[in-house]
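Hello! Here is the structure we talked about going through together. Have a look at it first, and then read my notes below.

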Amino acid sequence: MTAINIDLALFGQKASGKTVYAAALVYEIQKRYNRSYYLRSVEDYIEDRVAELQSGEWPSSTQAFADDQVIFDIVKHDNSGHVTYRTIDLPGEMIADLFMPGLHGVIWHDGHRRKLNPYRPYVEKIVSLIDKSNVFMFLIDPKGNLTNSERLVFDTSQDLMCAEVIDEIISRKNIDSPKKMPPILFVFTQWDLYQEKFPDFDNYARKVLHVTMGIHEKNLGAYAIMNCSGVGKTRIVKTNNGQEVKIEYKPNPPIEPKGVAETLFWVIKIVLDSKKGEKKNGG
Ligand SMILES: Nc1nc2c(ncn2[C@@H]2O[C@H](COP(=O)(O)OP(=O)(O)OP(=O)(O)O)[C@@H](O)[C@H]2O)c(=O)[nH]1
Ligand SMILES: [Mg+2]
């Protein structure tokens, strides 16, 4: 049997849905897939977040993570493989600063400026996570692509983050052909809120990722663009602070994650397939 070890890097800007995705995945493994998988070294805070979602509340924003924090390991019962999820927190401003072209170009490409504060610690974390990982996942917040009037705009910062990180993967891992490219998964979160607005998901997603796809589609090996919802359904909560009525969407327990475990299964399948391919080619 081929054993696989996957080190998965989870990239996503602040509020892109990393914590909800991680909590929903933990919930799915424990509830629905516990015959095939178990969890190892789950951070306590993730299990607390599952409870929070089940009580109808969103997790509070995660405090800055330590370096390359392991969120959890997912292990197959037959020990044929395991997947380690790691992430880092990237504030929205940091993503904009590092990856968006400014007056003096893109900081990410500027060997001198990326060594200066406040960029340096983030650059170091990103680079170290790239070096450690053999599968990459980008979580994309669809909200970033809507104007106040709810029209689709292009959130260049998330798109450029993907493009630049992929660029860095190619150069740091000396990738000279799509065959050697690690698997990459783009996942749009919170899809319960957006599915009706964008019924043609593929078309929507490619518009949002137009820079990344324009530059890198030819360089990518195995990749997929998916969507998920960590909670499946929400309820509307109206709060009245005396002056205005605020409308919010909150989880509507029990949660029913959609498309979450599928991201894990895609990763495992792709890595297994590529192992089989290597074997066939005598590698
Ligand atoms: N409707 C809906 N909203 C979601 C879902 N997942 C996340 N959200 C919304 O997005 C917000 C941010 O989600 P988090 O999981 O906390 O995002 P994060 O990337 O961990 O954010 P930080 O910890 O601040 O970096 C939540 O408070 C919800 O408002 C989902 O599945 N459905
Ligand atoms: Mg979080």
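**What I found**

Let's start inside the sheet: strand β5 (residues 135-140) and strand β6 (residues 184-188) run parallel and are joined by five bridges. Helices (H or I, at least four residues) and strands (E, at least two) are DSSP runs, numbered from the N terminus, and two strands pair if DSSP finds at least two bridges between them. One such bridge links F138 to its partner F186 in β6.

Before going further, please note that this is a predicted model, in which local features need pLDDT of at least 70, side-chain atom pairs count only at pLDDT 80 or more, and totals for chains, interfaces and linings use all residues. Residues are numbered from 1 along each chain as its sequence is written, while chains are lettered from A and ligands numbered from 1 in the order in which they are written.

**The sheet**

In what order do the seven strands of the open sheet stand? The order is β2-β3-β4-β1-β5-β6-β7, with mixed pairing. β2 (37-40) and β7 (223-227) each have a single partner strand, so one side of each has no neighbour in the sheet. From one strand to the next, the twist averages 20 degrees. (For angles, axes are lines fitted to C-alpha atoms, for helices over the stretch in contact, and the values run from 0 to 180 degrees between N-to-C directions.)

β1 and strand β4 (residues 81-87) run parallel, joined by seven bridges, and D7 stands opposite T84 in β4. Strand β3 (residues 69-76) is antiparallel to β4, with six bridges; here V75 has H82 as its bridge partner. The hairpin of β3 and β4 has four residues between the strands, and N79 takes a positive phi near 60 degrees in it.

Helix α5 (residues 156-172) lies across β1 (4-11), β5 and β6, at about 170 degrees to β5. Two residues are in contact if their C-beta atoms, placed from the backbone, lie within 7 Å.

**A second hairpin**

Strand β8 (residues 234-240) is joined to strand β9 (residues 245-251) by seven bridges, and the two run antiparallel. V237 stands opposite E248 in β9. How many of the seven residues of β8 are buried? The count is zero, and β8 is hardly covered. A residue is buried if 20 or more other C-beta atoms lie within 10 Å of its own, exposed if 12 or fewer, and partly exposed in between, with C-beta atoms placed from the backbone.

**The core**

The largest nonpolar core has 67 residues, and those touching the most other members are L8, L25, V26, M137, F138, V187 and V267. Such a core is a set of buried Ala, Val, Leu, Ile, Met, Phe, Trp, Tyr and Cys residues joined through C-beta atoms within 7 Å. Helix α1 gives the largest share of this core, nine residues.

A23 lies in helix α1. Why does A23 count as buried? A23 counts as buried because it has 28 C-beta neighbours inside 10 Å.

**Around the ligand**

Finally, ligand 1 is surrounded by 22 residues, the closest being T19, V20, W58, S61 and T62; a residue is near a molecule if its C-beta atom, placed from the backbone, lies within 6 Å of it. α1 (18-31) and α6 (191-194) are the elements that give two or more residues to this shell, and the largest share, three residues, comes from α1.

Enjoy exploring!
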